Amino acid sequence: MAITAAIIDSREPAWVQALTFGGAMTAISILDAGDLLVTCDDGTLLAVERKTPDDLLNSIRDDRLWSQLAGIRKITPWAYLLITGELRQGVDGKVITDARGTGWNWASVQGALLQAQ
């Protein structure tokens, strides 16, 4: 399966908008759901919701994550949550994102990620 085209949400940072996909046609546009839509040569459509670790936590706290994921799932069964950055458990059982403590309970965040699946 090869990527034939990609649409990247125009609200994504420049480094995301500059991504290339093996020479596939790429467009930048406002997307109603997701941050990246990809078509493949077999007709499959992939949808990606990209989150930094801090945005992931904020989306869980603000109860936005579930509607965002439901939005991409309505588009295609091939819907993915992509976390770009460090998300790890500290020695105290709290979440560390990009080298800073958050106070979030690691097990709670893992539970939210399981729910996202």
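Which exposed residues does the face of H4 turned away from its buried side carry? They are Ala107, Leu114 and Gln115, where exposed means over 50% relative accessible area, buried under 20% and partly exposed in between, with a 1.4 Å probe and protein chains only. The points below set this helix in the rest of the chain.

1. Basis of the note. This is a predicted model, in which local features need pLDDT of at least 70 and side-chain atom pairs count only at pLDDT 80 or more, whereas totals for chains, interfaces and linings use all residues. Residues are numbered from 1 along each chain as its sequence is written, and side-chain values use heavy atoms, with hydrogens and water left out.

2. Overall build. The chain has four helices and eight strands, and along the sequence these follow the pattern β-α-β-β-β-α-α-β-β-β-β-α. Helices (H or I, at least four residues) and strands (E, at least two) are DSSP runs, numbered from the N terminus. Taken along the principal axes, the box filled by the C-alpha atoms is roughly 45 × 25 × 25 Å.

3. Buried residues make up 36% of the 117 in the chain. Contact means heavy atoms within 4.5 Å, and among contacts between residues at least 6 apart in sequence, 48% join residues at least 24 apart.

4. Helix H4. The buried residues here are Trp106, Val109, Ala112 and Leu113. Seen down the axis of H4, these buried residues fall within an arc of 125 degrees, so they line one face of the helix; the arc is that of the directions from the helix axis to the C-beta atoms. Their cover includes helix H2 (53-61), H3, E5, strand E6 (87-89), strand E7 (94-97) and strand E8 (100-105).

5. Helix H3. Leu65, Leu69 and Ile72 are the buried residues of H3. They span an arc of only 65 degrees around the axis, which places them on the same side of H3. Ser67 and Lys74 are exposed on the face turned away from that buried side, while the cover over the buried residues of H3 includes strand E4 (45-51), H2, E5 and H4.

6. Helix H2 and Pro53. In H2 the buried residues are Pro53, Leu56, Leu57, Ser59 and Ile60. Around the axis they cover an arc of only 160 degrees, which puts them on the same side of H2. Pro53 has a relative accessible area of 0%, and, when residues up to four places away in sequence are not counted, Pro53 touches Ile83, Thr84, Gly85, Glu86, Leu87, Thr97 and Asp98. One of these, Glu86, is 33 residues from Pro53 along the chain, yet the C-alpha atoms of the two are separated by 6.6 Å.

7. Asp63 is placed in the loop between H2 and H3. Its phi is near 60 degrees, which is a positive value in a residue other than glycine. Asp63 counts as exposed, at 53% relative accessibility.

8. Asp41, in another loop. Asp41 lies between strand E3 (36-40) and E4, and is exposed, with a relative accessible area of 52%. Apart from neighbours within four places in sequence, Asp41 is in contact with Met1, Ala2 and Thr4. Between Asp41 and Met1, which are 40 residues apart along the chain, the C-alpha separation is 6.1 Å.

9. The largest pocket. A pocket is, on a 1 Å grid over the protein atoms alone, an open set of points where a 1.4 Å probe fits, with protein on both sides within 12 Å along at least five of seven lines, and lining residues have an atom within 4 Å of a point. The largest pocket holds about 190 Å³ of space, a volume being the space filled by probe spheres set on the points. Its lining consists of Leu69, Ile72, Arg73, Pro77, Ala79, Tyr80, Leu81, Leu113, Ala116 and Gln117. Helix H3 (65-75), strand E5 (79-83) and helix H4 (106-116) each give two or more residues to this lining. By type, the lining residues are eight nonpolar, one polar and one charged, where Ala, Val, Leu, Ile, Met, Phe, Trp, Tyr, Cys and Pro count as nonpolar, Asp, Glu, Lys and Arg as charged, and the others, Gly among them, as polar.
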